[in-house]
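Have the structure open as you read.

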Amino acid sequence: MPPAAATNLGYKPPDGGWGWAVVFAAFISIGFSYAFPKSLTIYFKEIQEYFSVSYSEIAWVSSVMLASMYAGGPVSSMLVNRYGSRPVVMVGGLMVCTGMVLASFGTTIIHLYLCVGVIGGFGLAFNLQPALTIIGTYFQVKRPLANGLAMTGSPVVLSTLAPLNQFLFDSFGWRGSFLVLGSIVLNCCVAGALMRPVNKKAQSQPDNESPMSRGKASVEAASEDFSSPSANPLAEDIKNKSKCQSFVSRYIDLSLFTHRGFLIYLVGNVVMFFGFFAPIVFLAPYAKHQGTDEYSAALLLSIFALVDMFIRPVTGFIGNSKWIRPRIQYFFSFAVSYNGVCHLLCPLASGYGGLVVYAVFFGLAFGMLCALLFEVLMDLVGAHRFSSAVGLVTIIECGPVLLGPPISGALVDTFGDYKYMYYACGVFMLGPGIFLFIMHYYNYKKLDEEHRQRVTVEMRTSEEAVEFKMNPNEKTDNETQGETF
């Protein structure tokens with residue numbers, strides 16, 4: 001077993017026990033968070049005809065849902081830091097249920113944007129971030145494996161929902177199907193009930209405040225000790241501002257924007273997410289456009305999900321190995337580049353058989369990327385700062401998540417062909433993959449240099465301390481002679 005990455009949690013995570021029940025709960029919660037927007041694409045063609053809207057307009061449904069899920073990241077992170085994962089996930093399940101029930105009575109496409117997109121998306125945000133965060137509190141040595149198993153929930157749920165949605169549509173229409181889906185998603189509330197807070201059996205408790213927060217708290221303390229608010233209005237203003245800044249920093253660590261690894265991850269992911277979801281959103285419509293029947297088109301999503309389901313735990317095992325974990329950022333960069341190559345080659349696939357081959361290779365690439373997506377962020381910033389990091393990342397990524405599928409849909413509307421959409425997505429994935437390879441090489445090199453400098457300083461300090469202990473009498477004699485003269 002490879003050595004665990006250093007953390008500042010202040011306690012030793014159990015790396016098992018009830019943690020595996022938490023992984024199962026995260027499996028359900030993450031599964032619905034990522035699979036639910038994708039599975040709704042089965043209804044897109046029928047909803048598009050019902051409301052007489054374009055490809056780009058119907059793509060906004062899943063885009064708004066995904067963007068809301070990402071935009072709600074900081075709010076979800078603050079609630080998790082304040083109340084814990086369990087109540088936040090349960091509230092999220094209720095919100096998604098409410099959104100789907102309201103959407104079943106929709107009369108315009110705008111109604112679906114608000115109910116499915118905004119309400120449902122924020123409900124999914126309250127499922128995603130708590131599930132990702134709580135795994136880091138239960139696991140340290142086996143964390144890549146635990147993350148890989150939890151992220152497997154997305155393809156498992158998708159492979160179940162894809163054919164189920166087609167059956168529900170044939171039986172009840174899209175309105176009745178939305179009612180049924182609203183009841184199914186209440187399983188997230190059950191998953192939330194399993195997310196029991198970790199029992200921190202340690203003498204020293206974790207320090208959840210960032211250095212920025214502690215610095216601002218000390219400013220606040222100084223203003224309270226040495227100034228009187230009633231006598232000095234300026235001091236009162238300083239104290240109020242300090243309180244506000246301290247409150248924000250306590251729940252969202254803004255000092256991450258000075259973290260080199262975090263910035264590399266953020267830049268690469270922002271560009272990548274322009275082409276991340278669109279190939280999945282348009283996979284079934286692309287197959288139907290080529291003359292494939294509805295059930296065969298839905299089967300492509302199931303094939304994709306089954307391959308995705310297989311590769312995620314395998315990626316977790318590989319990422320947890322002693323050969324990969326020390327340089328896991330390279331593994332992630334390869335996964336991003338591999339996705340880009342798959343999309344660039346997709347237009348070369350001819351017929352239904354070619355689409356099946358594409359679905360298999362895309363499933364492998366997508367599964368590898370998703371299994372590593374949040375593990376590499378935790379590897380960069382540490383488990384103790386992960387909650388703030390994932391909140392900041394998701395709020396920034398909501399822009400490309402929102403715009404990616406509609407831009408792709410606009411390309412389809414403009415050229416009347418899906419191949420240009422896949423070319424664009426391939427470039428959006430391959431470019432960041434190369435960027436991450438180069439920048440992580442630089443980052444690892446800088447980290448090695450900083451480690452060597454730190455070791456040198458520690459050795460020098462130790463030698464000076466040893467020398468001081470060995471010659472205390474000599475120093476005392478010199479001081480005495482100085483006093484005599």
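Helix 15 provides three residues to the lining of the second largest cavity, the largest share. Helices here are DSSP runs of H or I with at least four residues, numbered from the N terminus. The elements giving two or more residues to this lining are helix 15 (294-319) and helix 17 (351-373). Keep in mind that this is a predicted model, where local features need pLDDT of at least 70, side-chain atom pairs count only at pLDDT 80 or more, and totals for chains, interfaces and linings use all residues. Residues are numbered from 1 along each chain as its sequence is written, and side-chain values use heavy atoms, with hydrogens and water left out.

How many cavities of 30 Å³ or more turn up in a search of the whole structure? The search finds two. A cavity is a set of points, on a 1 Å grid over the protein atoms alone, where a 1.4 Å probe fits but cannot get out; lining residues have an atom within 4 Å of a point. Points are joined across faces, edges and corners, and the volume is the space filled by probe spheres set on them. Here is how the two look:

| Cavity | Volume | Lining residues |
|---|---|---|
| Largest | About 40 Å³ | Leu40, Tyr43, Phe44, Ile47, Val61, Leu112, Val116 and Phe178 |

For the residue classes, Ala, Val, Leu, Ile, Met, Phe, Trp, Tyr, Cys and Pro count as nonpolar, Asp, Glu, Lys and Arg as charged, and the others, Gly among them, as polar. The largest cavity is lined by eight nonpolar residues, with no polar and no charged ones. Helix 2 (44-51) and helix 6 (109-138) each put at least two residues into that lining. The lining of the second largest cavity splits into four nonpolar, three polar and one charged.

What does serine 337 contact, leaving aside neighbours within four places in sequence? Its partners are Met429, Leu430, Gly433, Ile434 and Phe437, where contact means heavy atoms within 4.5 Å.

Proline 13 is another buried residue, with a relative accessible area of 2%. You'll find proline 13 in the segment before helix 1 (19-39). Not counting residues up to four places away in sequence, proline 13 touches Thr137, Tyr138, Phe139 and Gln140. Proline 13 and valine 141 are 128 residues apart in sequence, yet their C-alpha atoms are 8.7 Å apart in space.

Finally, the cysteines. A disulfide is a pair of cysteine sulfur atoms within 2.5 Å, and the count by this rule is zero. For cysteine 97, the closest cysteine sulfur is in cysteine 189, 7.9 Å away, so that gap is too far for a bond. The sulfur closest to that of cysteine 189 is in cysteine 188, at 7.0 Å, also too far for a bond. Cysteine 97 is buried, with a relative accessible area of 14%, and cysteine 189 counts as buried at 14% relative accessibility.

Technical notes:
Buried < 20%, exposed > 50% of the residue type's maximum accessible area, 1.4 Å probe, protein only. 1 Å grid on protein atoms, 1.4 Å probe; cavity = no way out; pocket = protein on both sides within 12 Å on 5 of 7 lines; lining within 4 Å.
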